[in-house]
Amino acid sequence: MRIFHLSAECYPIAKVGGLADVVGALPKYQNLAGLQAAVVMPYYNRKFVQENEFDTVFQASTLLGTRRLYFEILKEKTDKLGFELYLVKIPGLLDREEVYQYPDETEQFIAFQIAFLDWISYSQQSPDLIHCHDHHSGLVPFLLYHSKLYTRLSHIPTVLTIHNGQYHGSFGWDKLSYLPEIDLTKTGLLDWGGAINPLASAVKCCWRYTTVSPSYLTELSISSNGLEYLFYMERAKGVGIINGIDTEIWDPKKDPMIPHKFSIKQITKGKQADKEALCARFGFSPDKPLISFIGRLVLEKGADLLAAAMEESFNEHPGQFNFLILGAGEKETEQELLELRDFYSEQCNVFIGYDESLAHLIYAGSDFLLMPSRVEPCGLNQLYALRYGTLPIVRSTGGLRDSVIDFGEEGGYGIRFHNASVEDICTSVTRALNLFQNTKHLQFLQKLMMALDFSWDRSAKEYYELYKSLNPTI
Ligand code: ADP
């Protein structure tokens, strides 16, 4: 019955991307379905933590190499998120503001995992299953099964969900001493390419792994930053389960972050009013089609293609549409986009940074959302766009392929293209602008999109089936 989700991110405590949204929602829906799911994550010195009350439920010390670390497990008092939330706090290591990119990230996440295992081991807990998310908790399956410190726990099934297979958390063998005492005959289970690779180790040691869409499961054997062969060999353990969305937070009928709420029935009026608010903020005419992009400005998302593709599209359709970007990432890409904005200031605007409320307004007030991703394990943006009646323009990859059907096909509602290229983006922009001229057809598609069901109910059921296959007592 009792499941622990281990993650570096969880909305609303700390969010960098989709991992936070999933870990902030899936346990809530699992609990509604009768499981007892809890989240364990590092302590972050951020708004949610500062504004809520916590009990210290466990205190101890552990070793990271020769360094003694004192740690506390804090529990949020009221379970207000719909699940028990536990934070691992280690002064000087797990009490910071940012989630990633500290020089001692390896130490941070190893310490997180050891403290978690020490806690459940010493406090005599026996969860029915441990669910790890991405490489930040990827050493847990190995340590559970191959460290004699945790023998008491070695019967517990582990599931790994891969939200992004590009990042592995690899580190050199010189840091092996950071791990607690392990069975040295099993070190091959930690290795990939001559380094300790937490994601690879998790794939090897977990009972089952899942990817956040069925297409991504197949794609990992073709492209996963060096783990292709491993994913090919371990494919029998893999299951693809598409993410859901938290339909309570992402609900245009009651979203507090958008000025005009709307249901399917009032979509035309409500969406137009939100579009007007969004356009007023960015100096656009609300009568023209508005295409937006939200996300990390990195190669994976195809963000490097945006400036060239939009320049070509602006020249092909002068003054006929507007383009808005919300994101942050590679400095070079940010600079290119700012230059694009300066050159096409009437048609283009760019917000560099992270802004949750603005993201909600963009989903509500845009006509189209562009996602030219090279890699998209699931992608949540297109699901939010659909929920707010915004037509997604997506490259056919990963979860985008699994969730968006081109409007040219039977039952379709989005625009799909094949190559992450300037040419394919421009062709899709032209298709979007043509569709915008056909108001009736666009309104029909908006209603169709809003009626789609991407709630967690279906996906949570698939996780439940998977858990049950590993531990029939669940
Ligand atoms: P990722 O690969 O970044 O995890 P996903 O599509 O799975 O991509 O999830 C992205 C999530 O992060 C969505 O909730 C999206 O709205 C949000 N997001 C991304 N960039 C920004 C930003 N700059 N400001 C606000 N929200 C953002």
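1. Backbone at Asp 79. In this predicted model, Asp 79 is placed in the loop between strand E4 (67-76) and E5. The phi angle of Asp 79 is near 55°, a positive value in a residue other than glycine.

2. Cis peptide. The peptide bond joining Tyr 11 and Pro 12 is cis, with omega at about 10°.

3. Salt bridges in the whole structure. How many salt bridges does a search of the whole structure find? The search returns 25. One of the pairs that meet in a salt bridge is Glu 84 with Arg 2, at 3.3 Å from N to O. Glu 84 belongs to strand E5 (residues 84-89) and Arg 2 to strand E1 (residues 2-6), so this pair ties together parts that are 82 residues apart in sequence.

4. Domain division. The protein chain is divided into two parts: domain 1 comprises 2-244 + 457-470, and domain 2 comprises 267-452. The C-alpha centres of domain 1 and domain 2 are 33 Å apart.

5. Extent of the domain interface. The size of an interface is often given as the accessible area lost when the parts come together. Between domain 1 and domain 2, the buried area is about 1,300 Å², and carbon and sulfur atoms give 53% of this area. In terms of residues, 18 from domain 1 are in contact with 16 from domain 2.

6. Polar and charged pairs across the interface. Two salt bridges are counted between domain 1 and domain 2. In the model, the side chains of Arg 401 and Glu 219 also meet in a salt bridge, with an N to O distance of 3.2 Å. For polar contacts between domain 1 and domain 2, the count is 11 residue pairs, with both residues at pLDDT 80 or more.

7. Composition of the domain 1 side. Which helices each supply at least two residues of the side of domain 1 that touches domain 2? They are helix H1 (18-32) and helix H6 (214-220). H6 gives the most to this side of domain 1, with four residues. Sorted by class, the side of domain 1 that touches domain 2 has eight polar, seven nonpolar and three charged residues.

8. For Tyr 363, an N or O atom of the side chain is 2.8 Å from an oxygen atom of the ligand.

9. Backbone atoms facing ligand nitrogen. A nitrogen atom of the ligand lies 2.8 Å from a backbone N or O atom of Gly 353. A polar backbone atom of Asp 355 is 3.0 Å from a nitrogen atom of the ligand. For Gly 353 the protein atom belongs to the backbone, whereas for Tyr 363 the protein atom is in the side chain.

Conventions. Residues are numbered from 1 along each chain as its sequence is written. This is a predicted model: local features need pLDDT of at least 70, side-chain atom pairs count only at pLDDT 80 or more; totals for chains, interfaces and linings use all residues. Side-chain values use heavy atoms; hydrogens and water are left out. Domain bounds come from an automatic or database domain assignment. Contact means heavy atoms within 4.5 Å. Buried area is the accessible area (1.4 Å probe) that two parts lose on being put together, summed over both. A salt bridge is a side-chain nitrogen of Lys or Arg within 4 Å of a carboxyl oxygen of Asp or Glu. A polar contact is a pair of N or O atoms within 3.5 Å; within protein, one must be able to donate a hydrogen and the other to accept it, and residues adjacent in sequence count only if both atoms are side-chain atoms. Ala, Val, Leu, Ile, Met, Phe, Trp, Tyr, Cys and Pro count as nonpolar, Asp, Glu, Lys and Arg as charged, and the others, Gly among them, as polar.
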